[in-house]
Amino acid sequence: MSSIVEVTDLRKQYTSDHPPAVDGVSFHIRVGEIFSLLGPNGAGKTTTISMLAGLVKPTGGTATIGGHNIATEPLAAKRAIGLIPQEIALYPALSARQNLRFWGEMYGLSGKRLTDRVEEVLAQIGLTDRAGDKIQTFSGGMKRRVNIGAGLLHKPQIVFMDEPTVGIDPQSRRAILDMTKALNAEGMAVLYTTHYMEEAQELSDRIGIMDNGKLIALGTLDELTKTVGQADTVRLEINEGIEGIAQKLASLPGVRQSVRKEAEITLLVDDANHQLPDIISAVTAAGAHISGIEIQEPNLEAVFLHLTGKALRD
Ligand SMILES: Nc1ncnc2c1ncn2[C@@H]1O[C@H](COP(=O)(O)OP(=O)(O)O)[C@@H](O)[C@H]1O
Ligand SMILES: [Mg+2]
């Protein structure tokens, strides 16, 4: 299958006294695929997308979009992309339809093409019913959907969505995930960034895991979880006496990783059912109090923990 995006050894070092934000990243995105970059805050996801979208100049490497080199054919490369930023300027006193018409004109659409395209996009973002209402009456999630619509007006071959669900209510989050899948079902390729493993798992054909500017793993969900082997994730919520517990648990047989983040300890273990009694005994013997336990089969959280020794959750 042919590629819509090809990235080779892409790099960005903003300042010489800091390590590179993006440190030699290579991947390709297939036509019609949803490709996610998953990684914690500061991993380099936005910098990667910004370089591909022509907003940030790489300090090394190359990339093509739709066969067009981003450095030597930036306009052609940009035309192939629908960039969806988290915030765009919407006119609050104008309706959703008027705002989309404005953005459509910016892309050079006019007349019947503009009118038709705005109505198509309103349907795609599920706002046909509210198209005539002023933006100032919209929730944050609805505004986010208008942003997405603005990025679709020129019928790009691929949309770039940079953490599109951050800071919005669960219902709007659901709407955005469903919309992303619907767009993809119509043949649109998607580059999606997130630090939520659930979103990457639900949406992606393939996932690249980023940490410290590097792509540390890449594959389908199945391929990635297989790298962990037979293992379970155990998450303990501890409301009292958590100090030192993660280190104690790390020394138990069959515990491969043990990391603490605030009141939560995440363990990667060989066999949760078998080991849970020992884990609970060790916690209670140390005088700590468990307020919640969750066991999961290998998922992207476990892959991240396995590869980095760090928790992905924040
Ligand atoms: N404009 C900038 N100037 C200097 N450093 C930056 C700039 N933008 C991002 N960084 C740094 O680059 C690293 C990667 O950031 P970013 O690409 O925003 O990661 P992510 O989107 O995965 O959270 C971080 O250490 C961040 O502080
Ligand atoms: Mg970011």
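**Entry: the model.** I am working from a predicted model.

**Entry: ligand 1.** I asked which residues are around ligand 1. I found Y14, T15 and A21 there. I also listed G39, N41, G42, A43, G44, K45, T46 and T47 around ligand 1. Next I sorted this shell by class. I got three nonpolar, seven polar and one charged residue.

**Entry: domains.** I looked up the domain assignment. Domain 1 covers 3-225 in that assignment, and domain 2 covers 230-297. How far apart do the C-alpha centres of domain 1 and domain 2 lie? I noted 37 Å between those centres.

**Entry: α5 and α6.** I took helix α5 as residues 140-152 and helix α6 as residues 170-185. Their axes come within 9 Å and cross at roughly 20°. Angles under 35 degrees count as roughly parallel, so I logged α5 as roughly parallel to α6. The crossing of α5 past α6 is right-handed. Which residues meet here? On the α5 side I wrote down G141, M142, R144, R145 and I148. On the α6 side they meet Q171, S172, A175, I176 and M179. By class, I noted five nonpolar, three polar and two charged residues in the contact of α5 with α6.

**Entry: α3 and α5.** I then turned to helix α3, residues 96-106. The axes of α3 and α5 come within 9 Å, and they cross at roughly 30°. I therefore logged α3 as roughly parallel to α5. I marked the crossing of α3 past α5 as right-handed. From α3, I listed A96, N99, L100 and W103. They meet V146, G149 and A150 in α5. The contact of α3 with α5 divides into five nonpolar, two polar and no charged residues.

How values were computed
Residues are numbered from 1 along each chain as its sequence is written. Chains are lettered from A and ligands numbered from 1 in the order in which they are written. This is a predicted model: local features need pLDDT of at least 70, side-chain atom pairs count only at pLDDT 80 or more; totals for chains, interfaces and linings use all residues. A residue is near a molecule or strand if its C-beta atom, placed from the backbone, lies within 6 Å of it. Ala, Val, Leu, Ile, Met, Phe, Trp, Tyr, Cys and Pro count as nonpolar, Asp, Glu, Lys and Arg as charged, and the others, Gly among them, as polar. Domain bounds come from an automatic or database domain assignment. Axes are lines fitted to C-alpha atoms, for helices over the stretch in contact, and angles run from 0 to 180 degrees between N-to-C directions. Helices (H or I, at least four residues) and strands (E, at least two) are DSSP runs, numbered from the N terminus. Angles under 35 degrees count as roughly parallel, over 145 as roughly antiparallel, 65 to 115 as roughly perpendicular and the rest as oblique. A crossing is left-handed if the near helix is turned anticlockwise from the far one by less than a right angle, and right-handed if clockwise. Two residues are in contact if their C-beta atoms, placed from the backbone, lie within 7 Å.
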